[in-house]
Amino acid sequence: MTLLTTLMLAAASPTLPPTLPPTPAISAALTDTNVRVSSNFSGARIILYGAVFDPSKRPSDVVVLVRGPEQPVRITRRHKVAGLWLNSRPVVFRGAPGFYRAASNRPLADIANFGILRRLGAGMDHLPINAPAEQRVETRYGVRDVVVSKLGADYYVWRRAVVRLKESAGLYDEDEHGVRFVDQGLFRAEIALPAGAPTGIYRAEILLFQDGRPVARRSRTLSVEKVGLERALYVWAHVRPWSYGLASMALALAAGWAASAAFRRE
Amino acid sequence: MDIYLPIAEVAVNAPLIVALGALVGFISGMFGIGGGFLMTPLLVFFGIPAPVAVSSMALHVAGSSMSSVMAYGRRRAVDFRMGGVLAAGGVVGAFVGVELFRVLRLLGQADLIVALSYLVFLSVIGSLMLTESLGAILRRRRGEPAAAHRDRRPIWLYGLPLKVRFPRSRLYISVIPPLALGAFVGVLSAIMGVGGGFILVPAMIYVLRMPAGMVVGTSLMQIIITTALTGVLQAGRNQTVDVVLAVLLLIGGVVGAQLGARASSRFRAEELRAILALIVLLVGLRMGLGLFLTPDEPFVLMAGMVG
């Protein structure tokens with residue numbers, strides 16, 4: 001009621017000068033905010049709808065970043081030792097989301113510069129992934145607190161491998177035409193969750209860019225959770241692993257015994 | 001029809017997994033083995049994470065061995081005392097094996113050790129079986145009598161202390177060799193996701209010199225006890241047992257095993273051994289091949305176990 005009166009008052013008094021230039025705004029919603037992983041789960045498609053409100057009609061770009069719960073990544077490199085391909089010592093990378101999608105209406109590199117994309121973590125190359133256990137701080141050439149990685153020059157090869165492997169597992173993706181403007185200021189993006197998507201809370205960040213800078217943002221959360229039997233078994237196996245182990249073994253032995261009894265009667 | 005596995009966290013095609021269970025069950029019923037050595041690599045091939053495949057196989061092996069051991073028990077073809085001694089060794093081996101597997105996974109070397117174990121054990125056993133069975137087939141073709149059974153038991157088997165009488169097997173030997181054999185197979189069952197029948201059976205025949213009629217039933221008894229423990233330990237320590245996967249495999253495995261047991265009567269024993277030897281050899285070489293081929297992707301993500 002009060003909102004309506006305010007709006008009417010604002011419309012009725014055109015003499016009042018606008019105190020601020022009109023700020024662009026962005027708004028968005030997900031078709032589904034709760035993805036349920038049950039026994040027939042084989043991935044999900046979630047549509048994100050949104051609108052750009054900008055009276056000035058300046059050219060706008062929209063970037064949608066979806067991040068799943070953070071999962072540390074253990075990665076190893078195979079190298080040849082005396083004719084055999086062996087695994088190296090595993091390296092743990094932190095800061096890697098378990099799921100990542102960057103969708104935009106045109107290539108990210110055309111929308112904003114390197115520094116801005118890096119700061120926002122927009123794009124697979126700009127994810128804040130690092131291997132803290134491999135780092136040490138030392139003084140080099142008289143400069144104090146230089147962060148040095150034990151992986152040396154290979155560090156970026158390792159980091160790129162994390163992204164590449166996640167991408168080939170369908171967990172990371174970058175779609176430079178994933179955001180489509182369907183009408184004046186109205187856009188739509190599709191988020192495809194593979195069956196292997198981790199469970200947990202996902203955050204979708206919707207960013208409006210103008211002249212290469214982010215001018216408005218919105219964020220939405222999405223939860224992916226196991227339900228029903230899937231959830232019960234998962235929780236049981238992790239909270240009371242011993243009773244779960246005993247019960248599943250009893251089930252297996254009982255099945256074997258039942259089968260032998262059944263086939264004997266024939 | 002895809003089904004989502006709660007622990008493996010991947011979706012698999014349920015009829016495919018049941019069919020896989022049936023195929024391995026058929027082979028297992030036909031040759032009187034657990035079939036873990038074949039199933040675990042196949043599961044990994046179909047996208048199940050290796051630790052989950054290895055651990056869930058323990059349930060499958062225990063269940064399908066349970067279904068066969070009942071039949072052997074009714075025929076009085078199980079030496080419970082020998083089975084108990086082997087299983088006591090197996091229990092120790094399983095504890096060691098599960099902890100060893102945990103450490104290997106933390107070091108990132110689990111894949112290597114699994115591949116190497118497959119390569120070494122399967123190719124050695126496969127080649128020995130192949131030579132022996134081909135020899136038997138050739139001799140039969142030429143109409144020669146079967147090779148005389150060498151009844152000379154290795155001397156060290158009798159020199160060891162702690163002798164025990166095993167009336168059903170008509171043996172009076174030290175408990176140390178069966179204990180050690182059981183422990184060794186227990187470690188393998190935890191690391192390779194196998195029951196260990198393919199090692200246990202030849203060892204019982206050629207090293208312990210047990211009567212052939214007792215061997216399969218007794219080895220099944222040891223396998224059930226060891227894999228039952230391995231399964232519970234894997235669930236408790238590593239949380240890698242997927243009961244849904246195990247149930248799917250068991251459904252197919254139970255039916256396949258019965259069909260396989262019926263089909264086996266159509267072949268001669270040495271022909272069966274030759275086919276089995278070929279399968280064992282192929283699986284071993286295929287698993288080992290990965291160690292020598294240049295990988296397409298030099299980096300490997302390691303599932304779970306981030307501490």
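**Note on chain B and its contact with chain A**

1. The contact between the two chains takes 44 residues from chain B and 46 residues from chain A; two residues are in contact if their C-beta atoms, placed from the backbone, lie within 7 Å. This is a predicted model, in which local features need pLDDT of at least 70 and side-chain atom pairs count only at pLDDT 80 or more, while totals for chains, interfaces and linings use all residues. Residues are numbered from 1 along each chain as its sequence is written, and chains are lettered from A in the order in which they are written.

2. On the side of chain B that touches chain A, elements supplying at least two residues each include β1 (2–4), α5 (110–141) and β5 (299–302). Helices (H or I, at least four residues) and strands (E, at least two) are DSSP runs, numbered from the N terminus. The largest share, 9 residues, comes from α3(B).

3. Helix α3 of chain B covers residues 50–74, 25 residues in total, and reaches 36 Å from its first C-alpha to its last. This is close to the 36 Å expected at 1.5 Å a residue, the expected span being 1.5 Å times one less than the number of residues.

4. A kink of about 25° in α3(B) is centred on B:S67; the bend at a residue is the angle between axes fitted to the seven residues ending there and the seven starting there. Just after α3(B), B:R76 takes a positive phi of about 55°.

5. Of the 25 residues of α3(B), 19 are buried (20 or more other C-beta atoms within 10 Å of a residue's own, C-beta atoms being placed from the backbone).

How values were computed:
A residue is buried if 20 or more other C-beta atoms lie within 10 Å of its own, exposed if 12 or fewer, and partly exposed in between; C-beta atoms are placed from the backbone.
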